[in-house]
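Me: I would like to go through the packing of helices and strands in this structure, one step at a time.

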Amino acid sequence: MNYSCAILFLLLLTTTSFTASYAKQHVYIVHLVEHDGDKTLEEIKDFHHSYLHYVKGSRKEAESSLIYSYMHIVHGFSALLTSSEATQLSEMEGIISVHRDNLKNYQLHTSRSWNFINLLEGGGLEPGNDLNEDLLRKANYGKDIIVGVLDSGIWPESASFDDSGMEPVPNSWKGICQTGVAFNSSHCNRKIIGARYYIKGYEASGQSFNETQDYRSARDKNSHGTHVASTVGGRRVPNASALGGFAKGTVSGGAPLVRLSIYKVVWINKGVKGTTTGVHADVLAAIEDAITDGVHVLSMSISFSSTFEDAIGIGALKALKMNIVSIASASNAGPIPSSVRNVAPWMLTVASSSLDREFQAPLVLGNGLKIQGQTATPFDDFAEMHPLIMGIDAEINGTTNNTRGLCLPGSLSPNLVKGKIVICEGDRFNNDLGVKKAGGAGIIQFITIPNITQTLLRPLLLPGITISRNNIDPLINYIRTTTNPMATLYRGSTILGTKPAPEMSIFSGRGPNSFEPNILKPDITAPGLNILAAWSEGTSPTTLVDDHRVVKYNLASGTSMSCPHVSALAVLIKAIHPSWSSAAIRSALMTTAGQENNIGKPIRDANGKTATPFDLGSGHVRPYKAMDPGLVYDATYDDYLLFLCSSGYDDLRIFGITKFKCPTNTTLSPSNLNYPSVAISNITGSVTVLRTVTNVGDDVSVYNVTVKAPLGYRVNIAPKTLSFGAVGEKKKFVITVKKYANNASVKGEYVFGWYAWSDGIHFVRSPIVVS
């Protein structure tokens with residue numbers, strides 16, 4: 001059997017301890033030279049077994065050690081190996097590389113949002129002026145498009161996944177509905193058309209699966225995947241709300257008739273509250289299946305790293321080759337610079353911003369002072385004043401160490417707390433539990449970061465509100481200067497139309513792109529703060545073990561929540577423009593994005609400063625404009641391979657590519673990738689980059705360019721006018737960025753500008769980032 005080129009690519013999961021007679025084994029991903037011809041999966045498995053047989057010494061051990069065989073994303077397999085077996089394998093003919101897989105704690109990045117997007121774009125909510133509804137009609141509500149959701153599974157009984165009135169499953173679908181614990185073929189329908197789960201790599205990494213914490217199936221215990229899937233494509237459900245009636249209204253996914261295929265790759269960590277784990281080997285297998293199943297869009301509200309080389313980056317590159325659009329979250333590690341993840345240019349990376357909605361709840365002190373807070377916790381107005389106490393003043397000696405004032409469970413004295421409202425630092429995930437267990441009557445959480453008013457809300461376990469750091473001083477002053485400080489809490493209410501909005505979420509991953517600074521990331525922003533969507537009834541709204549409440553819909557925040565908004569918009573554009581490439585769809589969304597809030601001012605960050613492209617990328621999504629962008633920046637699969645060559649990859653085998661050779665007789669620049677934004681790092685004099693636009697608007701059109709140069713630089717674009725005579729016609733232009741002689745900028749300091757092409761109807765805008 002002659003396999004002339006296959007890639008073995010194994011990434012470390014974690015150590016697995018066996019009996020004393022065995023050396024310690026790890027999960028490895030192995031890249032092989034790519035094979036010739038069409039081989040069946042069984043033939044490829046036999047070939048992989050032969051390699052493992054050689055190092056293991058027996059066919060039985062070879063078969064038991066194989067985890068996955070990969071056919072499409074990479075040529076290779078993942079297996080359990082000792083370090084000596086991995087070394088021996090790496091020296092064999094036909095092996096490109098052998099790498100340990102990394103066990104990774106996934107950062108899961110999770111009614112009003114679609115209305116807000118419509119209003120921000122200039123539409124109204126009355127019939128005939130609803131831009132979102134017009135877009136949905138033109139896209140047939142996404143009914144012929146299939147989205148693959150890589151996440152923690154799905155709760156199929158949710159009303160958001162009802163298939164009533166939906167047409168039969170598209171003939172192009174090749175996937176399955178995998179049976180597992182509490183999940184079988186009856187849980188798939190014309191909405192959820194496929195479901196799979198991937199746990200072999202996770203367990204091979206030495207992780208112990210706990211049946212009480214998760215389901216060994218595509219069923220969702222964590223709720224993250226359910227929330228994400230319903231945001232992409234949930235049906236319209238009237239009178240939905242979070243616990244207590246907050247955010248009540250009609251909840252809907254962005255493409256309510258899209259088909260969903262679920263790929264569960266995230267598992268709840270045993271014994272570690274609120275954390276989830278996934279491994280490269282499982283994610284590679286999931287993306288490979290999604291490609292062969294026939295998905296059109298991949299929605300991935302997860303992240304591994306800030307490189308191109310993780311499972312998401314490699315998988316999305318191969319998905320692009322099949323014209324599958326990959327949308328990924330930017331991470332929740334902000335506002336630290338260079339905290340953005342999923343930075344490859346062949347995927348669309350989504351930041352998070354707020355809505356025009358708040359859940360206001362006042363606090364009234366004994367001296368009559370009223371302080372505005374927020375809450376998503378249902379409770380009745382307090383009938384009388386209650387004593388106030390600072391959490392730091394009620395701690396049991398020796399229980400806090402470096403956690404003073406946080407009100408963690410077991411740290412508060414019941415004798416001091418019982419019947420009182422306790423003030424706790426931060427909106428910690430379990431400080432309400434600490435106050436409740438100590439017998440407190442209520443809790444006031446205060447955000448510890450100055451000037452931040454954003455609140456990531458969840459239903460607390462007892463009456464409580466959250467206030468900003470700016471409002472805490474008068475409260476503390478009252479407590480410290482009053483003999484018997486008292487206060488009362490009032491229930492919250494949902495307030496719509498708040499201004500200014502949007503505002504960048506404080507947690508949203510920020511640029512610059514630390515892996516390749518000549519590509520701007522994130523690409524775009526969308527709503528991700530306090531988003532209402534479906535929830536798993538297998539867990540509580542807080543996911544805390546001590547919380548026994550069950551809800552059908554819940555609020556959640558994160559770039560995980562903004563990502564599926566953009567995934568839904570990609571669905572609609574693909575439905576309207578089925579011949580467009582994934583690059584064209586990304587370009588349409590980016591170049592039509594907006595930079596102003598609902599009072600006509602520049603969008604701000606959480607500190608009140610004007611947001612930069614490192615915060616919001618090209619801007620906030622404007623889907624109706626994205627449907628008709630006028631021009632697009634298109635790119636082919638080979639364009640991205642050339643980009644990799646220009647980024648220092650003279651060998652592309654790590655990406656499963658062996659038949660493409662980087663050119664040796666030319667000087668490539670990563671800034672020359674035909675991307676809808678321009679990023680140039682480390683300019684010393686002047687730099688010229690190339691771009692090509694494709695006409696997707698009117699047959700005959702003339703576009704003129706407008707430039708706002710970054711401070712300290714001159715930007716010249718030539719030609720300054722582009723004339724088109726047909727749809728599909730392409731025009732090239734060059735952008736020269738030159739540093740002024742008196743530019744006193746510090747090395748590594750970034751400045752921002754933009755340029756835009758307009759024919760009087762379309763405004764095709766691209767940010768410029770220069771250092």
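Predicted model: local features only at pLDDT ≥ 70, side-chain atom pairs only at ≥ 80, totals over all residues.

Me: Are α8 and α9 roughly parallel or roughly antiparallel to each other?

Reply: Helix α8 (residues 280-293) packs against helix α9 (residues 311-321) with the axes 9 Å apart and at an angle of about 15°, and α8 passes α9 in a right-handed crossing. Angles under 35 degrees count as roughly parallel. The two helices, α8 and α9, are therefore roughly parallel.

Me: Which are the edge strands of the open sheet of seven strands?

Reply: The sheet has parallel pairing and runs in the order β8-β11-β7-β14-β15-β16-β25. An edge strand pairs on one side only, and this applies to β8 (192-197) and β25 (524-527).

Me: In β16, which residue is the bridge partner of Ser-329?

Reply: Strand β15 (residues 325-329) pairs with strand β16 (residues 348-353) in the parallel sense, over three bridges. For Ser-329, the bridge partner in β16 is Val-350.

Me: What angle does the direction of α8 make with that of β11?

Reply: Helix α8 packs on the sheet, where it touches β7, β8, β11 and β14. Its direction, compared with that of β11, makes an angle of about 155°.

Methods: Residues numbered from 1 in each chain as written. Heavy atoms only, no water. Axes fitted to C-alpha atoms, helices over the stretch in contact; angles between N-to-C directions. Helix = DSSP H or I, 4+ residues; strand = E, 2+ residues; numbered from the N terminus. Parallel < 35°, antiparallel > 145°, perpendicular 65-115°, else oblique. Left-handed = near helix turned anticlockwise from the far one by under 90°. Pairing = 2+ DSSP bridges. Contact = heavy atoms within 4.5 Å.
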